[in-house]
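Work through the exercises below with the structure open. Each task is followed by a stepwise solution.

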Amino acid sequence: MSKISDKGFVMASFPYRDRDRMLHILTRDHGLISAGARGACSVKSKLRPLSNLFSLCNYEFFYHKERFYVDDGEVIEAFLGISESIEHLTAASFASEVFRDLTRNSPPDQKYFDLWAYTLYEISQSERPVLLSRLSTLRLLAEAGYAPQLERCGSCQRPISSDATFSFQTSGLVCGSRACESASGDSIRLSEGTLALLRHVLTAPFNRLYRFTVTADVEKNASQFLDLYLCEKMEKDYKMLDLLEHPFDMDLSGLKRNCD
Amino acid sequence: MAMRFSPAITRLIAELNKLPGIGAKTAQRLAFHILAQDNEQALALADAIRDAKQDVTLCSECCNLTEDDPCDICRSQNRDRSVVCVVENPRDVSVMERVQNFDGLYHVLHGAISPMEDIGPEDIKLRELLQRLQQHQEIEEIILAMNPSIEGEATALYIARLLHKTGIKTTQLSHGIPMGADLEYADAETLSRALKNRQEL
Ligand SMILES: [Zn+2]
Ligand SMILES: [Zn+2]
């Protein structure tokens, strides 16, 4: 049995056995780990606050029979802003799923921890949490070596600066030449504003990543691209944001009480 | 290396394995325990499951589990019908019932909004709550008693926002119950205090 100390974010937290919780924690030094938190559902358990979804904690783990268990720790930040709205909660949950998928089999690297830290903080504060969560997946893919080529034609490597078509086939832009156009396959048109936003997300330091202003048109165009690009690179259809597409629809006028 | 069992045993293990907190090994142990019992004992379990599923339904008023519809609490003449305490699970009703100073009604949502578990506003008994508030104009206050988790908090805020400007008072249990605790495991005294100090949203 060995002991390990590390900082980590709770990326997912599920009830497990009677009063335990199973946690997926993105740690700074050990990558994504699964850790049991025994008795964490009990009110008096010291592990209870360490098992809350999205919390950042200092953890003491022990490692026993090829499994991590939370032994002790303290909460650094609970990110309660995430519960502000369904949009915030869904955005953070979606980004967490992608981060978990990508870091599950990657060698530990602090850049993933840092990127998640900035992302979660900004989502908890933002008025556009869903856009931020989508953008975070692009930067995450880029950090893992799957950046799209947004400066050049994906076929002939000719530099392109203005609005352009993006080819999922070549993972790059498509220049005007007939040969490159016919090689492009599935593609999407990216406006100049969208390109500027995506380029910013690919290159900005983490602390300035989410500092930008965009129009509704750019948000729409970028979101379309980001969903397709994520699906293509991860070979998975992420469904979590669908929850927001069908808002709860009910006439609430009959609820009004007479205030006399 | 997985062990091989006959189809009937495999099926029993698989069904037990679907229960919360029952892993593959425990499912195997339970299956062999059941098979070792005499017929009468083993079938008593099967009958109990069948009867419970047949006789227990959701109360058409509060969505709690009940054998009589409406349930005892909804039918009672001794309860304050102007206050409804909204909880996540049927278990939470029995927890709240331990609190001596609550005599209002309940509404059971059967969950909290949780994108990770693919549970949205339409997947919990929220529409039923709003319909009930429409039909029962005598309800003046809603006490939101979700579990103090990120999802419970988000659900409470979501409901509070829907009820904003309706004239229905919306309150939440005070945070005497620590973040992350299940209501289920809170003691009656803590709950009683949280209820007394409930805050308007
Ligand atoms: Zn080209
Ligand atoms: Zn009832």
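A residue counts as buried if 20 or more other C-beta atoms lie within 10 Å of its own. The model is predicted.

**Exercise 1.** Determine what share of chain B is buried.

Solution. Step 1: take the chain length, 201 residues for chain B. Step 2: apply the cut-off of 20 or more C-beta atoms within 10 Å. Step 3: read off the result. Buried residues make up 34% of chain B.

**Exercise 2.** Describe the fold content and extent of chain B.

Solution. Step 1: list the secondary structure. Chain B holds eight helices and seven strands. Step 2: take the C-alpha trace along its principal axes. The spans are about 60 × 35 × 35 Å. Step 3: keep the chain B contacts with a separation of 6 or more. Of these, 55% join residues 24 or more positions apart.

**Exercise 3.** Characterise the contact between chain A and chain B.

Solution. Step 1: count the partners. In chain A, 33 residues are in contact with 32 residues of chain B. Step 2: assign the chain A side to elements. Both β1 (2-16) and α1 (86-103) of chain A supply at least two residues each. Step 3: find the top contributor. That is α1(A), with five residues. Step 4: sort the chain A side by class. There are 20 nonpolar, seven polar and six charged residues.

Conventions
Residues are numbered from 1 along each chain as its sequence is written. Chains are lettered from A and ligands numbered from 1 in the order in which they are written. This is a predicted model: local features need pLDDT of at least 70, side-chain atom pairs count only at pLDDT 80 or more; totals for chains, interfaces and linings use all residues. Two residues are in contact if their C-beta atoms, placed from the backbone, lie within 7 Å. Helices (H or I, at least four residues) and strands (E, at least two) are DSSP runs, numbered from the N terminus. Ala, Val, Leu, Ile, Met, Phe, Trp, Tyr, Cys and Pro count as nonpolar, Asp, Glu, Lys and Arg as charged, and the others, Gly among them, as polar. A residue is buried if 20 or more other C-beta atoms lie within 10 Å of its own, exposed if 12 or fewer, and partly exposed in between; C-beta atoms are placed from the backbone.
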